[in-house]
Amino acid sequence: MSNSPTTSRWVSVARAGDIAVGASRLVRLDDVPIAVFHLADGWYAIEDVCTHDGGELASGTLSGYEVECPRHGARFDVRTGAARCPPAYEPTARFPLKVEDGAVFVRDDRWD
């Protein structure tokens with residue numbers, strides 16, 4: 001049983017052309033903030049929440065595959081959501097993402 005109306009359903013959250021390579025954008029899937037990253041080798045989506053203190057990740061500095069939380073410097077791997085250094089120790093959620101016909105789609109399947 002699903003806890004979210006968008007569970008297992010792809011939802012268009014942005015136009016691909018609106019997010020340049022090396023950039024990120026904050027989008028929402030229901031009430032969940034999601035940071036979408038467009039890197040040279042693909043697209044990634046993680047929950048826009050630092051697990052240390054709730055800081056926003058989409059506005060953080062991106063270096064390679066790591067985004068740094070602007071609050072206290074915790075870093076997360078945008079491919080997996082894994083916490084890469086203190087003060088964060090827990091991962092942030094990762095979301096399936098696809099790009100079709102110029103649109104970016106995200107799905108929240110955490111409650112399936």
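**Exercises on D77 and its sheet**

D77 lies in strand β7 (residues 75-77), where strands (E, at least two residues) are DSSP runs numbered from the N terminus. This is a predicted model, in which local features need pLDDT of at least 70 and side-chain atom pairs count only at pLDDT 80 or more, while totals for chains, interfaces and linings use all residues. Residues are numbered from 1 along each chain as its sequence is written, and side-chain values use heavy atoms, with hydrogens and water left out.

**Exercise 1.** Determine whether D77 is buried or exposed, and list what D77 touches.

*Solution.*
1. Buried means under 20% relative accessible area, exposed over 50%, partly exposed in between (1.4 Å probe, protein chains only).
2. D77 has 6% relative accessibility, so D77 counts as buried.
3. Leaving aside residues up to four places away in sequence, D77 touches I46, Y65, A82 and R84; contact means heavy atoms within 4.5 Å.

**Exercise 2.** Find the strand order of the open sheet and explain why β5 and β8 stand at the edges.

*Solution.*
1. Two strands pair if DSSP finds at least two bridges between them.
2. Four strands form the open sheet, in the order β5-β6-β7-β8, with antiparallel pairing.
3. β5 (61-63) and β8 (83-85) each have a single partner strand, so one side of each lacks a neighbour in the sheet.
4. From one strand to the next, the twist averages 30 degrees, with angles running from 0 to 180 degrees between N-to-C directions of axes fitted to C-alpha atoms.

**Exercise 3.** Describe how β6 is joined to β7.

*Solution.*
1. Strand β6 (residues 66-68) runs antiparallel to β7, and three bridges join them.
2. E68 has R75 in β7 as its bridge partner.
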